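Subject: Handing over the structure

Hello,

Here is the structure I promised to pass on to you. Please open it alongside this note, and my findings follow just below.

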Amino acid sequence: MRTRTATGGIAAIAAITLAAVAACSSSASSSSSSSASASASSSNPLSSGGSSTSVVVGSANFPENELLATVYAQALQAKGVKVSTKLNIGAREVYYPQVEKGTISIIPEYNGTLLTVEVDKTSTAKTTAEVDAALAAKLPSTLQVLNSAPAQDSDSITVTQATANKYHLKSIADLKPYAANMALGAPPEFKTRSDGIAGLKATYGLTFKSFVPLDESGPLTLAALQSGKVQAADVFTTTPQIVTDKLVSLADPKFNFAAQNVIPLVYKPAMNATIINTLNAVDAKLTTEALLQMDNAVITEHASYSTVAAGFLQAEGLS
Amino acid sequence: MIWSWIPQNWSLIWQLTWENAKLGVLSALYGLIISLPLGIIAARWRWVYPPTLAVVNVVYAVPSLALWIALIPAFGLTDTTVIIGLTAFSLCVILPNVVEGLRAVPAPVRQAATAMGYGATRRLVMVELPLAAPVIIGGLRVGVVASISLASLGQLIGVSSLGYLFIDGLQRSFPTEIYVGLVCVIVLAVICDLLLVGVRRVLTPWQPRRQVALAQWPGLQRVALRRGAA
Amino acid sequence: MSFFSYAWDWVTTSANWQGSDSIPQQIIAHLGYTVLPLLIAALIGIPLGVAIGHTGRGAVLVVNLANAWRAIPTLGLLILLAVYLGFSILTWLIPLVVLAIPPIIINAYEGVAGVDPDVKDAAKGMGMTPWQQVTRVELPIALPLLLVGLRTATIFVVATATIAAYIGLGGLGRFIIDGLASNDYGPVAGGALLVVLLAVLVLALFAVLNRLVVPVGLRKQAELGRTE
């Protein structure tokens with residue numbers, strides 16, 4: 001009878017659906033437990049990263065950081081460590097609490113901004129050695145930094161060649177007479193960071209006409225700079241377009257931006273000797289030149305993060 | 001368009017598609033599970049419907065991102081937040097269809113069922129719901145398709161989905177990645193839509209195909225009725 | 001603290017109402033991003049939908065569009081144009097217009113096609129030209145559904161304009177995106193609350209419009225359960 005067939009069909013579909021929902025729900029809730037919350041809520045720090053052989057490598061929301069995270073992850077995997085990755089989490093202000101709680105075990109950081117933005121806003125440490133020492137002293141108990149790499153990727157106030165020629169700009173200090181007529185572009189968090197708008201004012205006495213929130217030294221920032229939407233912008237020093245577009249990064253003689261070496265920020269309880277030695281070995285080989293080359297491959301030539309990371313590790317004998 | 005990027009990153013694409021699918025499909029299913037009892041009640045007790053509809057209209061108007069943000073203090077930047085928000089949205093699309101579908105069951109049919117000795121529950125399950133199925137599934141289709149597309153926005157609050165391909169594609173000025181993301185979302189949505197069409201055909205084998213194409217959309221159903229196609 | 005307390009604190013901070021990125025300015029920007037695409041979409045969508053409804057040709061297109069338009073990811077479209085066009089007005093105008101057209105066409109079609117065939121016959125019988133049939137008979141009867149289509153499109157554009165902040169635009173989304181970047185929940189919640197209020201305002205506006213423009217008899221029909 002037709003009704004029996006229809007009922008049978010309904011029952012079958014309902015059963016399959018319920019099974020699928022149950023399967024998906026359980027995997028959905030386990031993946032939501034590995035991503036943490038913005039506010040200090042109840043995610044269990046022991047729920048991941050507790051085992052000594054399995055770690056979570058995270059990254060911030062810009063390509064170079066994803067690249068570095070991929071490098072770390074692959075290096076660890078080559079040494080037999082179980083790794084899962086959580087890429088493109090967000091800005092530091094978002095992922096830092098996650099590392100503190102251990103939901104993320106390892107994240108590539110930059111020692112200078114890490115120090116002045118999260119750890120010790122009043123710090124006056126400027127050189128690599130000073131910053132590393134200050135970090136070791138002031139980090140919360142669950143966190144640790146490993147060896148810093150020679151590679152540096154700093155914020156820099158950058159202008160186009162034309163602007164530099166027009167106002168004879170060589171260093172940030174040269175901007176003082178002109179800043180009041182200039183729009184400054186930078187990532188949104190630059191507005192509130194201590195070495196951001198406030199830092200430029202305190203260190204160089206600069207007050208810009210306006211602040212335009214853009215992205216992490218990405219295409220929006222570069223387009224804004226080229227099109228004249230902003231006259232100066234925060235461009236990270238390993239951004240390939242500095243070379244290809246002939247941009248001028250102004251010198252920072254008063255060290256508004258501290259040294260910004262690449263450095264792994266780790267959750268101490270998740271560490272062991274293998275992990276630490278592997279990451280230190282990677283950092284030892286990471287020069288600014290190498291980083292710039294990798295950035296160029298990933299950003300300009302659109303190579304995959306995993307291919308470029310693998311190439312670097314192989315060339316340096318780390319995989 | 002760098003075609004070689006696709007096979008090179010196949011596992012990433014697949015993983016993101018799977019996560020996006022989970023978010024979208026689960027939300028629509030939860031929306032259906034909530035809409036069915038609510039809709040049955042609203043169809044039976046008429047006075048329930050206007051206030052319910054008013055609430056539904058307001059929730060439907062709230063952009064998903066805003067809804068997720070309101071949920072963050074309670075649920076964090078997690079899959080749960082995204083799913084709850086999308087479930088609420090799916091509810092807004094499916095519930096009116098449940099009510100209208102049930103109400104569209106012709107009175108003579110209901111009376112015939114009663115005359116045959118069906119009680120209210122049996123009549124609901126064996127007569128009214130199957131007849132309302134095309135319209136309900138029509139709403140479910142819209143819910144699934146919209147949820148899959150909206151789930152990609154979850155990447156803005158750090159919830160992994162195909163939106164990652166858009167964001168990374170923007171950061172590297174890499175159109176290939178963006179196209180792949182667009183195609184994956186659309187294809188995923190179309191596949192789910194077609195699956196539901198298949199489900200409808202299985203559940204309502206008595207419906208002629210052409211008329212059903214119009215009938216699964218309540219408004220168009222009215223059009224079809226007037227044209228004497230019902 | 002709850003969403004509302006964060007949002008309320010931020011919205012009632014007077015500093016946020018002054019300066020170059022103030023709340024009033026972003027509200028105006030947001031309205032700009034909403035109204036212009038809607039006008040263009042209406043100018044394109046209403047005539048098209050009415051034509052398809054009146055002649056019946058191209059109805060297949062409308063039926064397929066009814067499901068397909070929801071599948072397009074708004075963020076992807078915005079980003080695609082941002083990558084190709086950079087900071088141009090077309091970067092946001094094209095996606096928003098493209099996304100606003102489908103609900104307008106679909107509901108215009110539905111409204112016109114759904115007019116009682118007897119009424120259409122009567123109009124023809126009275127000697128009305130096709131133009132008169134459409135403008136004097138079909139359009140007025142289709143008005144409730146037309147308004148529903150416009151309402152759906154407006155809500156959709158308001159929501160998408162919120163996301164447009166991600167590609168560097170202003171509007172209420174700016175507070176959300178910047179707040180997310182700085183992990184400052186205040187502007188995030190405040191921006192979200194303002195967007196919700198704007199959406200509710202749109203609903204209220206259309207309710208008033210409905211009351212003003214649509215005759216009583218047709219209003220009853222339209223109130224029967226339409227979110228789309």
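In chain B of this predicted model, residues 221-230 keep a pLDDT under 50. Confidence in chain B is lowest in H11(B), with a mean of 47. At the other end of the scale stands helix H2 of chain B (residues 10-44), where confidence is highest, at 94. Averaged over chain B, the pLDDT is 87, and 90% of the residues score at least 70.

Next, where chain B meets chain C. Here 49 residues of chain B are in contact with 43 residues of chain C. Which helix supplies the largest share of the chain B side? That is H9(B), with nine residues. Several other helices of chain B give at least two residues each, among them H3 (49-61), H4 (64-75), H5 (79-103) and H7 (120-151). Helix H11 (218-226) of chain B is also one of those that supply at least two residues, and H11(B) is where confidence in chain B is lowest. By class, the side of chain B that touches chain C has 36 nonpolar, eight polar and five charged residues.

Chain C itself is quick to describe. There are 10 helices and zero strands in it, and from the N terminus on its elements run α-α-α-α-α-α-α-α-α-α. Its C-alpha atoms fill a box of roughly 65 × 40 × 25 Å along the principal axes. Of the 228 residues in chain C, 53% are buried. Taking contacts in chain C between residues at least 6 apart in sequence, 73% join residues at least 24 apart.

Chain A has both kinds of element, with 12 helices and 10 strands. Buried residues account for 47% of its 319 residues. Among contacts in chain A between residues at least 6 apart in sequence, 75% link residues at least 24 apart.

Chain A is divided into two parts: domain 1 covers 45-152 + 259-315, and domain 2 covers 157-249. The C-alpha centres of these two domains of chain A lie 26 Å apart. Their contact takes 17 residues from domain 1 and 10 residues from domain 2 of chain A. On the domain 1 side, the elements that give two or more residues are helix H4 (111-119) and helix H11 (288-300) of chain A. H11(A) gives the most to that side, with seven residues. By class, the domain 1 side has six nonpolar, seven polar and four charged residues.

One more item in chain A is an open sheet of five strands, in the order S7-S6-S8-S5-S9 and with mixed pairing.

Happy exploring, and do write back with any questions.

Best wishes

Methods:
Residues numbered from 1 in each chain as written. Chains lettered and ligands numbered in written order. Predicted model: local features only at pLDDT ≥ 70, side-chain atom pairs only at ≥ 80, totals over all residues. Domains from an automatic or database assignment. Contact = placed C-beta atoms within 7 Å. Helix = DSSP H or I, 4+ residues; strand = E, 2+ residues; numbered from the N terminus. Nonpolar A, V, L, I, M, F, W, Y, C, P; charged D, E, K, R; others polar. Buried ≥ 20, exposed ≤ 12 C-beta atoms within 10 Å, placed from the backbone. Pairing = 2+ DSSP bridges. pLDDT = per-residue confidence, 0-100.
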